[in-house]
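Work through the exercises below with the model open. Try each task before reading its solution.

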Amino acid sequence: MVPASYGVTELDRLPRLGGLFAKGAAGSVTKRPKGAVRLPEVSYRVAGVDTSGEAAHLAAYQDLLGEPASDVLPAGFLHVLAFPLATAVMVRPDFPLPLLGMVHLRNVARVLRPVRLGEALEVRAWAQDVRGHRRGVQVDLVAEVLVGGELAYQGVSTYLAKGFTAPGAAAPGEPADDGTRPEWTAPLPTARWTLGGGTGRAYGAVSGDLNPIHTSALGAKAFGFPRAIAHGMYTAARALAEVGPALRGDRYEWTVEFFRPVLLPSTVDVAIRPAGDGLVYDGWRSGKGTRHLTGTVTPL
Amino acid sequence: MSTTPSPVPSTREAVIIGGNRIPFSRAGKKYVRTSNQDMFTAALEGLVARFGLQGERLGEVAGGAVLKHSKNFNLIRESVLGSSLAPTTPAYDVQQACATGLEAAIAVTNKIKLGQIESAVAGGTDTVSDAPIVVSDRLRAALLDANHAKTTSAKIKALLQIRPKDLAPVSPSTGEPRTHLSMGEHQAITTAAWGITREAQDEIALASHQNLARAWEAGFFDDLVTPFKGLTRDDNLRADTSLEKLAKLRPVFGASLDAPATMTAGNSTPLTDGASTVLFSSREWAEERELPILAKFVDAETAAVDFVHGHEGLLMAPAAAVPRLLARNGLTLEDIDFFEIHEAFASTVLTTLAAWEDEEYCRTELGLDGAFGKVDRSRLNVNGSSLAAGHPFAATGGRIIATAAKLVSAKAKETGQPARALISVCAAGGLGAVALVESTDNAA
């Protein structure tokens, strides 16, 4: 739920990512660490988002990620749908962190009821909970999708902005924050992804996220990567697709934590295994110990 | 989730009269530019000649191919029309990856048992040498768009979508569509999970070659194989192979795993071309024609495993199917005289045997009270299997059924006691088909 202190800004429609990126790129230059980070206390809201025209977009998404053809929108697609609104929050002049160069650390999404193609949606997005990280600050971008006033989807994307300072002390006890992670050995794989050099452009085309670090080697070099890197959400959404509708059910939680980025082209070994009430997945560079991501898919 | 098996309903018997296949040949050798239809027709025609079926209207011919061109939509019917069987013999195509041949046999024997047909042929054929090559999805989409377009400009616009890289042809692969791992890589994972050694796999491979060579020398295949294209024996057979030679081969699967890679070209089946057929009938039909009755096709079971979500290895479905089949028939592993376990890889046989000996696995995965049991190795693939003969995917089931039927027939004649063979075939998609073949009173 939107924090009570936040104001609501109504938009007529979901913004277009292209324009936002241009604005974000320009704004990124001026957003430098100075003092403690303060988030704008505002939530964006678009009511009446019509999904009836999304059939071709959904089909392209399903085809790329390996989701079966269905009129139920997968959580990854809802993330894509709401992403421009969250981005609009991040490119506000009073949002203190630079859009470009922020690192996606983890994502937690919950589907609380199936969302179907053709349903009218209300989409909300805001930023909250800025807190310390050993390399800067982390912040949650929250996106919600409601159908008929009922919360159907909530996604929390946690980003790192390096070099910034959080208000107050660093949050204790976050395993991703103290610089040490438990030893990890690759399990036996259950699948292998051969990701070509065009993987970032292909997911960019269906997600609208044409951030240059994903679409070109030059763009990636500008941010310190030797080659273009795969969208983290592409890898997570592909794992979600491979778990599949039968095992995740109508209502499910889908989490991911990102480690080293996937440099393209690359071969990623994947293990999807039963764990607890759901499934856990891992992705790492084939033949190496380089860990890329881990996450869970749990029916609710 | 295991349920008590229903008793086998009483039906009439489906008997195995005999089999015929062409020699299996390594891909790219003798059968280059020989189609699936050519090979299946040759195997079928040999069967017709062997049992005097010229002009006969059989109840049905069923079979298939795994690597199949879309133009072969009626592959088996076209083969029947090209054979000496009566053109009034119906036919249909079956496809269940490597279990195609066995599944075809299950289908036609069930019809015989139910009295819907009196006689049938089941089999399969596959060629890697003449495999269909298709165009890329992008080229296909552009061509279909152009085809559907109504105006010339729309047709041109559709064709302009085509990029040079879209023109590269696409060859069939043995990769699993959902995991993108080849079958060999999948089995390498299962092999690592069960800790199967290189030595144990090479021993299985050696035994396969030695057993198949001995069977050929003894004339076992004289009434099971018709020469084709100048080939009289399976040309993958290496009678002179040895553990030393097998030990020299480099591993080809599992190189990216932490566990040592153990699977080589020697202990994995090669890509092979070939075709096989088996003749089944009711007892009455065989007796009326004074045809030999080798054995009964008693019962069968299929299974599948969830390999996509790491629950089980790709080729482990038979490990689940066999206990269900034997329980339904009131049998245990000790009651089986011949184990015909398809050697997709030597380690497939070994992981299956290991699973049945593992108490924990049998309890949690198979729903049994304890370990299923130990297979007497002296009863395993006694006349060789796919590692030596080769494995033209859909043709393997027919090869095994004919071998099993001959083995139980001979054993029953020799001992005066009924003899049983268990057939187990793993398949892509996490599938498995298994069957029980038993000698008949005639033979005993």
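**Exercise 1. Find which residues Asn381(B) touches, leaving out residues up to four places away in sequence.**

Step 1. Locate the residue. Asn381(B) sits in the loop between helix H12 (359-364) and helix H13 (386-389) of chain B. Helices (H or I, at least four residues) and strands (E, at least two) are DSSP runs, numbered from the N terminus.

Step 2. Apply the contact criterion: heavy atoms within 4.5 Å. Asn381(B) touches Asn211(B), Phe339(B), Glu340(B), Ile341(B) and Glu343(B).

Step 3. Classify its accessibility. Asn381(B) is buried, because its relative accessibility is 3%. Buried means under 20% relative accessible area, exposed over 50%, partly exposed in between (1.4 Å probe, protein chains only).

Conventions: this is a predicted model, where local features need pLDDT of at least 70, side-chain atom pairs count only at pLDDT 80 or more, and totals for chains, interfaces and linings use all residues. Residues are numbered from 1 along each chain as its sequence is written, chains are lettered from A and ligands numbered from 1 in the order in which they are written, and side-chain values use heavy atoms, without hydrogens and water.

**Exercise 2. Describe the lining of the second largest pocket.**

Step 1. Take the volume, about 1,200 Å³. The residues closest to the pocket centre, of 29 in the lining, are Asp63(A), Leu64(A), Arg238(A), Asp137(B) and His180(B).

Step 2. Assign elements. Chain A supplies at least two residues from each of helix H2 (55-65), strand E7 (191-195), helix H4 (199-207) and helix H7 (232-248), as does helix H4 (137-148) of chain B. H7(A) gives the most, four residues.

**Exercise 3. State how the domains of chain A are arranged.**

Step 1. Read the bounds. An automatic or database domain assignment gives domain 1 (1-167) and domain 2 (183-300).

Step 2. Relate them. Their C-alpha centres lie 19 Å apart. Across the boundary, 29 residues of domain 1 are in contact with 27 residues of domain 2.

Definitions and conventions:
On a 1 Å grid over the protein atoms alone, a cavity is a set of points where a 1.4 Å probe fits but cannot get out, and a pocket is an open set with protein on both sides within 12 Å along at least five of seven lines; lining residues have an atom within 4 Å of a point. Grid points are joined across faces, edges and corners, and a volume is the space filled by probe spheres set on the points.
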